[in-house]
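Biologist: I'm new to this one. Could you walk me through how to read it?

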Amino acid sequence: MENLKYLDLLAQKYESEEKVVTEIINLEAILDLPKGTEHFVSDLHGEYHAFQHVLRNGSGNVKMKIIDLFKEELADWEIDEFATLIYYPEEKLQLVKSNFSSKQELRDWYIDSIAHLLKLVSYASSKYTRSKLRKALPNQFVYIIEELLYKTDEFKNKKEYYGKMLERIISLGQADKLIIGLAYTTQRLVVDHLHVVGDIYDRGPDPHKIMDTLIHHHSVDIQWGNHDVLWLGAFAGSKVCLANIIRICARYNNLDIIEDVYGINLRPLLNLAEKYYDDNPAFRPKRNAGEQLTEQEQLQITKIHQAISIIQFKLESPIIKRRPCLNMEDRLLLEKVDYKNNEVTLHGKTYSLEKPCFATINPERPEELLEEEQQVIDKLLFSIQHSEKLTRHMDFLMKKGGLYLKYNGNLLIHGCIPLDEDGSMKEMEIEGITYAGRELLDVFERYVRNAFAHPEDTDDFATDMIWYLWTGENSSLFGKREMTTFERYFIKEKETHKERKNPYYYLREDEEMCRRMLAEFELNPDQGRIINGHTPVKEIDGEDPIKANGKMIVIDGGFSKAYQSTTGIAGYTLLYNSYGMQLVAHQLFNSKEDVLTKETDVFSVKRLVDEELERKKVRETNIGEKLLQEINSLNSLREHRYIK
Ligand SMILES: O=P(O)(O)OC[C@H]1O[C@](O)(COP(=O)(O)O)[C@@H](O)[C@@H]1O
Ligand SMILES: [Mn+2]
């Protein structure tokens, strides 16, 4: 029996039997519509423009719909031009308009383009209810567009009526706005829901713009990546996470994200860096293609990079010491260094250190921060926690994000489910209790939320656990034995750079193993799949992103420019519509300008992961489940209130 109080509340919204019945019928009708298209992306790493492009073209979905509709009517170049108009309407309109020599030509183009757009919107919305379409339409034109849309059958007979309406729109100077509105409506209709399977932040220049885009997106969820959690950790009060994000920004020449975008003053850090550090090849920023830094700028970043790295290494030690359960004593590297001979001994072997920059380290107490270093990191933490923009972005990451997500039968997770070599769920003891598998991930997430709720606590267990999620052996986000940052900077021998992966990364090739992992998360192994990001799929070496007979799909294809030479492509995305799943491999995205002027849409190769035998309906989805519950409640309300 429904809770009576709840039914009373519901009765306020549906205050007559007709209203209840109408809603029941409406919801039941929705259940039988085809399921909406889900779009999966991962490892965006600050590459806003490439991300925008796949979002705007719906991973090729927009073009596909145009081809379906207009392949007989339009030439290939017209199809390309029309597609570009939908992706970048403002810019394309400017370009097109500058090509016409008479008003009449422009008018004809307006009429044709609006008619094409209407046809496309009508087609793209055919699997949605009218009310959903209405929400997707540009506000100021809802009435006009509906008027134009819902008479499409009679389009020919009513030619004059429509002609007049379009003429008026054009003569009143509204055509551009209408075209732009219809273009964005199309973009929105081709993808119903977006999943971001982690790693929005780091390496690329514009993670903040990606965050703003996601905040304004109509329907999105996020599975945190290790890099996202690093930013969350910094905001939640972890100084070592903070040192890491600044270090990575310095390494990739992105300090303006910290300074200009999030408004953090780097002057104190710069002063410290100028005082203690000099040039050092291992710490020079990676330069993105075409970017020119002056010698002076390069030197400055190199110094900052060293200063913040040393602060990071120092901050790691006390955490490792106060949290024996993290089992990270191996990583007390500053204590293993022989400062007289500039050597370090790892796993019994002694290596010499290249260009060490240990001016601020006291060999007796290597973890101790200088007073100046302490002040720098404290000030940075204060500013980062008071950045209005970062607060907005981190709040959103918390609100829409989590460590994993079960959605429509699939398991979405950035990194891994930590496993032992024999395929059992890897155990970890935390505060006296042993966890594994799903329980371990749930407890990790609780710590993240707890740390976030208490930004004033900087050394508590929850805050330390966020750092563990970035770099710890049992972290579902990291999935490697150790992070060899120190070794990469200071030791020449490559064997020390290796980061051993969790057995998950080879066991996931096995279908039976994937089935067991799905079952661990109470998902149906016959139907579900695991969608993974995090490890770049080396297509270049023949690696297949579709693994374990389709039970495992890895979609890190390298949006990150820094990793494209490893993967050989420019990113994967996944589409899941009512007919099944398709994996899209994206070729290099140069620039928006290229798309606009040369119509070089990123060439995308589609691969069918699987085709549903029957078209999937809303009824079989997560949303369908919720709708069924609502229908049940409405039925109870009807019985309780109206049937005597
Ligand atoms: O190539 P970079 O930027 O130096 O980063 C290397 C580090 O990044 C990591 O791969 C983590 O980042 P990803 O999640 O993008 O893989 C670490 O394991 C490694 O130490
Ligand atoms: Mn990652």
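Modeller: Strands here are DSSP runs of E with at least two residues, helices are runs of H or I with at least four, and both are numbered from the N terminus. Two strands pair if DSSP finds at least two bridges between them. Before we go on: this is a predicted model, where local features need pLDDT of at least 70, side-chain atom pairs count only at pLDDT 80 or more, and totals for chains, interfaces and linings use all residues. Residues are numbered from 1 along each chain as its sequence is written, while chains are lettered from A and ligands numbered from 1 in the order in which they are written.

Biologist: Which residue stands opposite V344 in β6?

Modeller: In general, strands of a sheet pair through backbone hydrogen bonds, either parallel or antiparallel. Here V344 faces Y351. The open sheet has three strands in the order β4-β5-β6, with antiparallel pairing. Its edge strands, β4 (337-338) and β6 (349-352), each pair on one side only.

Biologist: How many residues lie between β8 and β9 in their hairpin?

Modeller: Two, and N408 in that turn has a positive phi of about 45 degrees. Strands β8 (residues 404-407) and β9 (residues 410-413) pair in the antiparallel sense over four bridges, and K406 stands opposite L411.

Biologist: What about the core: which residues touch the most other members?

Modeller: The general idea is that in soluble globular proteins, nonpolar side chains tend to be buried together. A nonpolar core is a set of buried Ala, Val, Leu, Ile, Met, Phe, Trp, Tyr and Cys residues joined through C-beta atoms within 7 Å. A residue is buried if 20 or more other C-beta atoms lie within 10 Å of its own, exposed if 12 or fewer, and partly exposed in between, with C-beta atoms placed from the backbone. In the largest core, with 157 residues, L232, L242, I466 and L574 touch the most other members. Helix α17 (residues 295-322) gives the largest share, 10 residues.

Biologist: And N253: where is it found?

Modeller: N253 sits in the loop between α14 (239-251) and α15 (255-261). Its phi is positive, about 55 degrees, although N253 is not a glycine. N253 counts as partly exposed because it has 19 C-beta neighbours inside 10 Å.
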